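Subject: Structure for you to look at

Hello,

Here is the structure I said I would pass on. Please open it beside this email and follow the notes below.

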Amino acid sequence: MRRAPVTEYAPMALQDGLRSTPNVAVVVPSYRVARHILDVISGIPRWIWRIYVVDDCCPEKSGYLVQENCSDPRVVVIFNDRNSGVGGAVIAGYLKAAADGADVIVKMDGDGQMDPELLPRFIAPIVAGEADYTKGNRFYDLAQIGRMPRIRILGNAGLSFMTKISSGYWDLFDPTNGYTAIHARVVEKLPMAKISRRYYFETDMLFRLNTLRAVVVDIPMDARYGDEKSGLQIGRIFFDFLIKHVRNTAKRLFYNYFLRDMSLATIELVGGILLVTGGFIVGTVFWVHASSVGVPTSAGRVMLAALPVILGLQLLLGFVAFDIASVPKRAIHRMLR
């Protein structure tokens, strides 16, 4: 594994002026990655402030492997008492890094799929005050997409569309990408006890970030595969994800358009749902009546049922347009203390 040259990254001053050079920490969840973990650590560039390896009750004892074979003074090994999934391991690393004084926290997997040379790209928008959270996007370069299995491409497309709706980040793609970076102040505001601990972690993070109105930015990256095997089977988790997306969508709409704020979009949403529902109910009643008496429904009744549906759909399209335009654009970490 190549090491990123230190000269390619010039640490920038934090926008709030608290520190001239930010403390950048890397969290590496470790579960069944004993073959790769030491190479991953050795590939992390020297300008990284601290490295947190989280042994998520690994059956291969990867945490002890790191303690016994790694002399890097930046490395801190955290042991979870029980296996809590990738989300639980990352959250443990987030909390420890934030408590120790990190400014930016990067999450990298322990299987070697994530290129450490990309670290500056993930950190730069946060340090510059342009983003609160950054994540990788393997679909940016069309030439690289062909390297991915077709089933994974189709699955990610479906999951990405559902995530756009449930999270409110309509400009993002590749939601299950685990190469991420976050400002430590945002970590302190997230409801860590409520975030999903397993495969839905990255997607649920986006939903929670939207409730904070945090700015999230996609970072283009190439797909990188070795001999590692992914435990994420899209066919198996698709319907589980679908249920969670529906739940998060309902929560997001309630938080953003009824609890936190009410606007013209709220009227469009409520009016659209009522008109479409009412139109379908009226149309169903007319159809049942016409079928029972054997007489075709009159044109007036057809229009009486169709008009509310048409108007309701127009209102819902207006609401969607407003929601797309409402993607957060102002980083919040600069306002947090």
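Is Ile78 buried or exposed? This is a predicted model, and in it Ile78 has a relative accessible area of 15%. Buried means under 20%, so Ile78 counts as buried. Ile78 belongs to strand E3, which covers residues 75–79. Beyond its neighbours within four places in sequence, Ile78 has contacts that include Tyr52, Val54, Asp55 and Lys96. Asp55 is 23 residues away along the chain, yet the two C-alpha atoms are 6.0 Å apart.

Next, the salt bridges. Side chains of opposite charge can pair when their charged atoms come close. The count here is eleven.

One of them joins Lys107 and Glu202, with 3.6 Å between the closest N and O atoms. Lys107 is in strand E4 (residues 104–107) and Glu202 in helix H8 (residues 201–211), so this pair links distant parts of the chain, 95 residues apart. Both Lys107 and Glu202 are buried.

Another salt bridge pairs Asp174 with Arg138, at 2.7 Å from N to O. Asp174 sits in the loop between helix H6 and strand E6, and Arg138 in the loop between strand E5 and helix H5, so the bridge ties together parts 36 residues apart in sequence. Asp174 is buried at 0% relative accessible area, and Arg138 is buried at 11%.

Within helix H8, Asp204 and Arg208 are four residues apart, about one turn of the helix. Asp204 and Arg208 form a salt bridge as well, with the closest N and O atoms 3.8 Å apart.

Finally, Arg46, Asp72 and Arg74 are linked in a network of salt bridges.

Regards

Key
Residues numbered from 1 in each chain as written. Predicted model: local features only at pLDDT ≥ 70, side-chain atom pairs only at ≥ 80, totals over all residues. Heavy atoms only, no water. Helix = DSSP H or I, 4+ residues; strand = E, 2+ residues; numbered from the N terminus. Buried < 20%, exposed > 50% of the residue type's maximum accessible area, 1.4 Å probe, protein only. Contact = heavy atoms within 4.5 Å. Salt bridge = Lys/Arg side-chain N within 4 Å of Asp/Glu carboxyl O.
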